[in-house]
Amino acid sequence: GTKSLKWTLYVTVPLPYLMLLILFFRGVSLDGADVGLKYYMLPDLSRLFVDARDERTGAVYPAAEVWLSAVSQIFFSLSLGQGAMITYASYNPPHYPIFRNVLTVAVINSGTELFGGVCVFSILGYLSKQKGVPVQEVVAAGPGLVFEVIPEALAMMPAPGVFALAFFVMLLLLGLTSAVSLVEAAISIVRDELSSMAPRHAWAGRLVAT
């Protein structure tokens, strides 16, 4: 339940930020980091409104895909529409400052993503200079960023095995806590329904008690 879950958060919340700080200081110290950061900080804003065409393949990338990717990222990172946030908020007292907490979660979430971008693109700039290719061609978007770019930076740490283990343990813990929040939302719905049935059905009361 929520009481046992809060103890796991003492590990799963600080560890990702500690890893991000390590990656940040390592990334910005690499040769070519400025190339990646420039690409990250100075995006092509015309892509928001104008379709792009690949000169080599002739493929067209609609501007709408940029907006769709941004919306999908926010929905995914905040678990919007999946009930996890509402489920956890339901355990708070009735007069809890929900509006302030919502803003806090949203700002911290977006701030973490922006800071994570600095860590990743500083490493991408280094790889871009090493391979002699543009930043956008270093690695494809998606899982490749996690399993190719970041291990490259961890391999250059003083104790690469330790940092690599900590990083992938962090990924495992983040995946588990995300799964727990989604399962918790479903369980809370069933539990609430059974609680309303408990006065009329003994079996429902026994299930709620367990």
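**Figure 1. Overview of the predicted protein chain and its contacts.** Residues 24 or more positions apart account for 63% of those contacts in the protein chain that have a separation of 6 or more, a contact being heavy atoms within 4.5 Å. The model is predicted, so that local features need pLDDT of at least 70 and side-chain atom pairs count only at pLDDT 80 or more, whereas totals for chains, interfaces and linings use all residues. Residues are numbered from 1 along each chain as its sequence is written, and side-chain values use heavy atoms, with hydrogens and water left out. The protein chain holds nine helices and two strands, arranged along the sequence as α-α-α-β-β-α-α-α-α-α-α; helices (H or I, at least four residues) and strands (E, at least two) are DSSP runs, numbered from the N terminus. Of the 210 residues in the protein chain, 24% are buried, where buried means under 20% relative accessible area, exposed over 50%, and partly exposed in between (1.4 Å probe, protein chains only). The protein chain exposes about 14000 Å², of which carbon and sulfur atoms supply 70%; accessible areas come from the Shrake-Rupley method with a 1.4 Å probe, and for residues only the protein chains shown count as cover.

Figure 2. Ser122 belongs to helix H6, which covers residues 98–131, and it counts as buried because its relative accessibility is 0%. The side chain of Ser122 reaches the backbone oxygen of Cys119 at 2.8 Å. When residues up to four places away in sequence are not counted, Ser122 touches Gly27, Val28, Ala33 and Leu37.

Figure 3. Gly36 lies in helix H3 and, with a relative accessibility of 0%, counts as buried. Leaving aside residues up to four places away in sequence, Gly36 touches Phe121, Gly125 and Val135.

**Figure 4. Close-up of the salt bridge between Asp31 and Lys129.** A search of the whole structure finds one salt bridge, defined as a side-chain nitrogen of Lys or Arg within 4 Å of a carboxyl oxygen of Asp or Glu. In this salt bridge the side chains of Asp31 and Lys129 meet, at 3.1 Å from N to O. The pair links distant parts of the chain, for Asp31 sits in the loop between helix H2 (14–28) and helix H3 (33–41), while Lys129 sits in helix H6, 98 residues apart. Asp31 counts as partly exposed because its relative accessibility is 45%, and Lys129 is also partly exposed, with a relative accessible area of 48%.

**Figure 5. Close-up of a nonpolar patch on the surface.** Leu9, Val13, Tyr17 and Ile108 form this patch, with about 340 Å² of accessible area together. Patches are made of residues with over 30% relative accessible area and no salt bridge, like charges being joined within 9 Å and nonpolar side chains (Val, Leu, Ile, Met, Phe, Trp, Tyr) within 5 Å. Leu9 lies in helix H1, residues 2–12, and is partly exposed, since its relative accessibility is 37%.

Figure 6. Helix H4 (residues 63–78) has 16 residues, which at 1.5 Å a residue should span 22 Å, and its end C-alpha atoms are 24 Å apart, which agrees; the expected span is 1.5 Å times one less than the number of residues in the helix. Just after H4, Ser79 takes a positive phi of about 55°. Asn109, placed in helix H6, touches Ser77 and Leu78 when residues up to four places away in sequence are not counted, and it counts as buried because its relative accessibility is 15%.

Figure 7. Gly83 has its place in the loop between H4 and helix H5 (84–89), and with 25% relative accessibility it counts as partly exposed. The C-alpha atoms of Gly83 and Ala186 are separated by 8.2 Å, while the two residues are 103 residues apart along the chain.

Methods
A polar contact is a pair of N or O atoms within 3.5 Å; within protein, one must be able to donate a hydrogen and the other to accept it, and residues adjacent in sequence count only if both atoms are side-chain atoms.
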